[in-house]
Amino acid sequence: MKQDCILITGANGEIGHSLITKIYEQGNGNIVALDLSPLDSCLAECCCEFIQCNILDEAHLVEIFQDYHFTSIFHLASILSTRAEMNPLQAQKVNVQGTAILLELAAQQTLQMQYETKFIYPSSIAVYGFPTPEAKQQAGKVREDQALSPVTMYGINKLACENLGAYYGAHYRLLNEGKQAHHIDFRAIRFPGLISAITVPTGGTSDYGPEMLHHAAQGLPYNCFVRPDTRLPFMVMPDAVKSLLTLESAPRESLSQLIYNVTSFNPSAEQLAEITINAFPSANIHYSIHPARQIIVDSWPGDIDDSAARRDWGWTPDFDLEQAFQQYLIPQIHNRYHQGVTTVKVQE
Ligand code: AKB
């Protein structure tokens with residue numbers, strides 16, 4: 001009899017850190033964590049097994065699925081937007097091929113166990129694409145079905161994986177009889193930029209938000225790579241984890257779609273700098289615009305409409321802009337650096 005477990009890929013990444021900790025705190029230690037690099041020591045006690053594995057190593061993944069029955073899969077492993085532009089082909093392999101392999105294994109498992117495996121997928125605002133800052137400005141809050149013309153490899157990959165997930169959820173092996181039995185329960189969230197007190201991202205393009213704050217807290221100067229008026233939706237990590245777990249536990253009948261926007265607040269880079277300087281008055285923030293990264297954020301929406309998530313599964317963030325900084329980010333970041341705790345720099 002196989003053990004029932006939750007599978008988390010990309011376990012060492014930003015979302016992985018907080019998601020694993022939260023699931024463990026809720027009393028579930030049956031987590032199988034997967035990552036390319038060795039698991040961060042602080043996460044080891046939260047998992048029943050850590051497996052160092054490349055998401056493209058299909059044979060290894062098949063073996064893993066032989067040992068466990070995964071009730072839910074949180075597929076977090078991916079190469080973020082800035083890094084993906086540096087090696088688009090590799091990004092396409094990891095982001096799309098890696099997801100396709102995992103979806104296929106989830107479908108096979110569903111067939112064997114006669115239990116619809118839940119596949120929870122973090123997508124991104126990168127699936128949207130506006131040709132100019134003016135078009136972005138005019139669009140206002142963007143719904144899930146609007147402006148789906150991404151300009152980055154990462155955005156294209158995320159959109160492709162949403163479609164793959166929808167395929168495995170509803171149409172997989174159209175020509176097979178009894179195809180119903182193969183279908184997985186695919187659910188995706190389009191995340192805005194994420195800010196954590198515990199980890200600092202690398203390889204993304206919304207990274208200027210968290211980088212600015214963490215640099216200031218450590219007394220380091222920061223050169224923001226986007227214009228002061230640049231606006232993106234953001235969310236703090238506890239709300240990101242809350243959204244994943246709430247969507248995972250929502251009854252299937254209440255979900256009218258497979259892919260949902262979620263958001264909390266959408267400050268300009270200048271507003272983020274002001275809040276940071278108020279919290280850390282010696283902060284030394286300047287602007288040194290990176291033209292290509294500016295094009296990427298200019299193509300992403302300034303705000304997104306998350307009313308479908310609010311309606312269907314009761315989504316509501318715990319932190320607005322003020323609460324995010326005053327109740328979570330500033331106190332926790334301040335304490336961590338004062339106690340000499342090193343913040344974990346993660347790839348994605
Ligand atoms: C990135 O900047 O690539 C990510 C994202 C917005 O998905 N943080």
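Predicted model: local features only at pLDDT ≥ 70, side-chain atom pairs only at ≥ 80, totals over all residues.
Which element gives the largest share of the lining of the second largest pocket? Helix H9 does, with six residues.

Residues are numbered from 1 along each chain as its sequence is written, and side-chain values use heavy atoms, with hydrogens and water left out.

**Figure 1**
The shell around the ligand consists of Leu80, Ser81, Ser124, Ile125, Tyr154, Gly204, Thr205, Ser206 and Trp300. Ala, Val, Leu, Ile, Met, Phe, Trp, Tyr, Cys and Pro count as nonpolar; Asp, Glu, Lys and Arg count as charged; the others, Gly among them, count as polar.

**Figure 1. Polar side-chain atoms at the ligand.**
Serine 81 places a polar side-chain atom 2.5 Å from an oxygen atom of the ligand. For tyrosine 154, a polar side-chain atom lies 2.9 Å from a ligand oxygen atom. Serine 206 has a side-chain N or O atom 2.9 Å from a nitrogen atom of the ligand. On its own, the ligand has 250 Å² of accessible area, and the protein covers 91% of that. Accessible areas come from the Shrake-Rupley method with a 1.4 Å probe; for residues, only the protein chains shown count as cover.

**Figure 2. The second largest pocket.**
The volume of the second largest pocket is about 340 Å³. Of its 19 lining residues, Ser18, Thr21, Lys22, Glu25 and Ile198 are the closest to its centre. The lining divides into nine nonpolar, five polar and five charged residues. The search uses a 1 Å grid over the protein atoms alone; a pocket is an open set of points where a 1.4 Å probe fits, with protein on both sides within 12 Å along at least five of seven lines, and lining residues have an atom within 4 Å of a point. Grid points are joined across faces, edges and corners, and the volume is the space filled by probe spheres set on the points.

Serine 123 sits in strand S5 (residues 118-124). Helices (H or I, at least four residues) and strands (E, at least two) are DSSP runs, numbered from the N terminus. Serine 123 counts as buried because its relative accessibility is 3%. Buried means under 20% relative accessible area, exposed over 50%, and partly exposed in between (1.4 Å probe, protein chains only). The side chains of serine 123 and glutamate 162 are joined by a polar contact of 2.6 Å. Such a contact is a pair of N or O atoms within 3.5 Å; within protein, one must be able to donate a hydrogen and the other to accept it, and residues adjacent in sequence count only if both atoms are side-chain atoms.

**Figure 3. Two loop residues with positive phi.**
Glutamine 114 lies in the loop between H5 and S5. Its phi is positive, about 55 degrees, although glutamine 114 is not a glycine. At 59% relative accessibility, this residue counts as exposed. Arginine 173 belongs to the loop between helix H7 (153-170) and strand S7 (185-191). Arginine 173 also is not a glycine, yet has a positive phi of about 50 degrees. Its relative accessibility is 37%, so arginine 173 counts as partly exposed.

Valine 96 is placed in helix H5 (residues 88-113). Valine 96 is buried, at 12% relative accessibility. Its C-alpha atom is 8.8 Å from that of serine 78, which is 18 residues away along the chain. Valine 94 is found in helix H5. Its relative accessible area is 12%, so valine 94 is buried.

**Figure 4. Methionine 86 and proline 267.**
Methionine 86 lies in helix H4 (residues 81-86). At 65% relative accessibility, methionine 86 counts as exposed. Proline 267 is in the loop between strand S12 (259-261) and helix H10 (269-279). Proline 267 is buried, with a relative accessible area of 2%.

Methods:
Near = heavy atom within 4 Å.
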